[in-house]
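Subject: Structure handover

Hi,

Here is the structure I promised to pass on. Please load it before reading further; my notes follow below.

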Amino acid sequence: MTTTNDILSAEQRTLLVAALNRIVPAQGEMPAAGDLGTAEFVESVAAGTSAKRRSLLDGLLRIELAAAERGGAFASLPSDAQTETLLAVQATDPEFFQELVTQTYRGYYTNETVFDLLSYRAPNREDYDPIPFDESMLEPVRQRGQVWVPTND
């Protein structure tokens, strides 16, 4: 189905899914971000403004060019080469990469499947009575730890 949020070609979407799977890889019962459909979320955010659209398109091109230096298309590279590729892009374009990681986390941790796996229940808007935030709900995320570890180089 085509929507107004579709800004990527099939090849770009495949690249984005593979990149998101490296940023938040599958771990135990937790699915990888790309496999979960987070790419659609990232694409819809980028469709919101021309600057974000351009940033995503340029960033995906940088990823693909960096992957070519490592022997092929990003999605077909071994996982260690994919990680090296993302680290190279992070070093050369930290602003784009930070935005990609941020939107990946936003899409991933607001997904209903992740909610269920983390045993999180959003409040029912009709019966919503604000109560203090229970920080123990963050324990599954804390146990998982930081997924993508940015470099300071």
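Helices α1 and α6 pack at an angle of about 80°, and their axes are 11 Å apart. Angles from 65 to 115 degrees count as roughly perpendicular, so α1 is roughly perpendicular to α6. On the α1 side, the contact is made by L16, L20 and I23. On the α6 side, F97, L100, V101, T104 and Y105 take part.

Bear in mind that this is a predicted model.

**Overall make-up**

The protein chain has eight helices and zero strands. From the N terminus on, the order is therefore simply α-α-α-α-α-α-α-α. The chain has 153 residues, of which 35% count as buried. Take the contacts with a separation of 6 or more: residues 24 or more positions apart account for 63% of them.

**Core**

The largest nonpolar core has 35 residues. Those with the most contacts inside it are L16, I23, L56, I63, F97 and L100. Which elements give two or more residues to this core? They are α1 (10-23), α2 (33-36), α3 (38-46), α4 (50-68), α5 (79-92) and α6. L16 and I23 also belong to the contact between α1 and α6, as do F97 and L100.

Next, α3 against α4. Their axes come within 7 Å and cross at roughly 135°. The two helices are therefore oblique to each other. From α3, the contact uses V42, E43, V45 and A46. From α4, it uses K52, R53 and L56. L56 is also one of the core residues with the most contacts.

Then α4 against α5. Here the axes come within 9 Å and cross at roughly 125°. That makes α4 oblique to α5. The crossing of α4 past α5 is right-handed. R62, I63, A66 and A67 of α4 make the contact with T85, L86 and V89 of α5. I63 is another of the core residues with the most contacts.

**Two residues to look at**

F96 lies in helix α6. Is F96 buried or exposed? It is buried, with a relative accessible area of 4%; the cut-off for buried is under 20%. What does F96 touch once its neighbours within four places in sequence are left aside? F96 is in contact with S55, L56, G59, L60, I63 and V89. Two of those names have come up already: I63 of α4 and V89 of α5 are both part of the contact between these helices. F96 and L56 are 40 residues apart along the chain. Their C-alpha atoms are separated by 7.4 Å.

S44 lies in helix α3. S44 is partly exposed, with a relative accessible area of 26%. How far apart are the C-alpha atoms of S44 and N5? The separation is 5.0 Å, although these residues are 39 apart along the chain.

**Aromatic pairs**

A pair of aromatic rings is described by the distance of the centres and the angle of the planes. For pairing, the centres must lie within 6.5 Å. By this rule the count comes to two aromatic pairs.

One is Y105 with Y109, at 6.3 Å centre to centre and 70° between the planes. Planes over 60 degrees apart count as edge-to-face, so Y105 and Y109 form an edge-to-face pair. What separates these residues along helix α6 (residues 94-109)? They are four residues apart, so about one helical turn lies between them. Y105 is partly exposed, with a relative accessible area of 24%. Y109 is partly exposed as well, at 22%.

The other pair is Y108 with Y109. It is also edge-to-face, at 4.9 Å centre to centre and 85° between the planes. Y108 is buried, with a relative accessible area of 0%.

Ring pairs thus link Y105, Y108 and Y109 into a cluster.

Best wishes

Technical notes:
Residues numbered from 1 in each chain as written. Predicted model: local features only at pLDDT ≥ 70, side-chain atom pairs only at ≥ 80, totals over all residues. Heavy atoms only, no water. Phe/Tyr/Trp six-rings, centres within 6.5 Å; stacked < 30°, edge-to-face > 60°. Buried < 20%, exposed > 50% of the residue type's maximum accessible area, 1.4 Å probe, protein only. Core = buried A, V, L, I, M, F, W, Y, C linked by side-chain atoms within 4.5 Å. Axes fitted to C-alpha atoms, helices over the stretch in contact; angles between N-to-C directions. Parallel < 35°, antiparallel > 145°, perpendicular 65-115°, else oblique. Left-handed = near helix turned anticlockwise from the far one by under 90°. Contact = heavy atoms within 4.5 Å.
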